[in-house]
Amino acid sequence: MQRNPLQTDIRPALRLTNGKRGIMIERLQVGVITQTHGIRGEVKVFPTTDDVNRFKKLKEVVLDNEKEQLTMTIAGVKFFKQYVILKFKGYDSINEIEKYKGARLFVSRDKAVKLQKDEYFIADLIGMQIITEDGAPLGFLKNVLTTGANDVYVVETQEEKEVLLPAIKECVKNIDMEKALITVHIMEGLL
């Protein structure tokens, strides 16, 4: 099982993290500001985490609108349909907050939700090399689609084609975070 936050538009480069080869990123995306909400500086956030209640516990987020990165203190949290309504300290009017529409919200890894055994952040899996059980290279993990039944790995092959693999134990045999390697069993009819 994987946990959002997604960061599918960024393919992290392989690098050393704590002396180990891996693709761990420092910040994890928890949402995207879609629009303002009312005139008192609140924003509607589309959550990119599988636990929207985590916003109740968050004290601050890093807002990134590609021009600047700001640490924003959360002053209020409400929920409306599939959105989270956030109020940031020091932003009290629509005019002050409107420029941040489309900005992504991140938390540092130390403020991320705790993972259970065999759970991974999707952002850490993106870019990992995929090999078959016999060691043959298949490609790289391009994206993870979250569906109702199980997640689906979108693999970009060496021929630049896409292969969809169900993220189930029968198909995904091993995830080695240190080697940035996912070993899969290709079930009949998948290729």
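Predicted model: local features only at pLDDT ≥ 70, side-chain atom pairs only at ≥ 80, totals over all residues.
An open sheet of six strands is present, with mixed pairing. Strand β4 pairs in the antiparallel sense with β5 and runs antiparallel to β9. Positive phi values occur in K81 and in E160, neither of which is a glycine.

- Side chains of opposite charge can pair when their charged atoms come close.
- R27 and D64 form a salt bridge in which the closest N and O atoms are 3.4 Å apart. Because R27 belongs to strand β4 and D64 to strand β6 (residues 60-64), this pair ties together parts that are 37 residues apart in sequence.
- R27 is partly exposed, its relative accessible area being 24%, whereas D64 is buried at 8% relative accessibility.
- K87 forms a salt bridge with D92, with 2.8 Å between the closest N and O atoms. K87 has a relative accessible area of 16% and is therefore buried, the cut-off being under 20%.
- K142 counts as partly exposed, at 38% relative accessibility.

**The six-stranded sheet**

- The strand order of the open sheet is β14-β13-β12-β11-β16-β15. Its edge strands are β14 (162-166) and β15 (172-176), each of which pairs on one side only.
- On average, neighbouring strands of this sheet are turned by 35° against each other, direction ignored.
- Strands β11 (residues 129-132) and β12 (residues 137-145) run antiparallel and are joined by three bridges. In this pairing, I131 stands opposite P137 of β12.

**Strand β4 and its partners**

- Strands of a sheet pair through backbone hydrogen bonds, either parallel or antiparallel.
- Strand β4 (residues 27-37) is joined to strand β9 (residues 104-108) by five bridges, and the two run antiparallel. Here G31 has L105 of β9 as its bridge partner.
- Six bridges connect β4 with strand β5 (residues 42-47), again in the antiparallel sense. I33 stands opposite V45 of β5.
- A hairpin is formed by β4 and β5, with four residues between them. In the turn, G38 has a positive phi of about 75°.
- R27, which forms the salt bridge with D64, also lies in β4.

- Most residues other than glycine have a negative phi, and most peptide bonds are trans.
- K81 has a positive phi near 55°. K81 is placed in the loop between β7 (69-80) and β8 (83-88), and its relative accessibility of 72% counts as exposed.
- E160 shows a positive phi of about 60°. E160 lies in the loop between β13 (152-157) and β14 and is exposed, with a relative accessible area of 66%.

Definitions and conventions:
Residues numbered from 1 in each chain as written. Heavy atoms only, no water. Pairing = 2+ DSSP bridges. Axes fitted to C-alpha atoms, helices over the stretch in contact; angles between N-to-C directions. Buried < 20%, exposed > 50% of the residue type's maximum accessible area, 1.4 Å probe, protein only. Salt bridge = Lys/Arg side-chain N within 4 Å of Asp/Glu carboxyl O.
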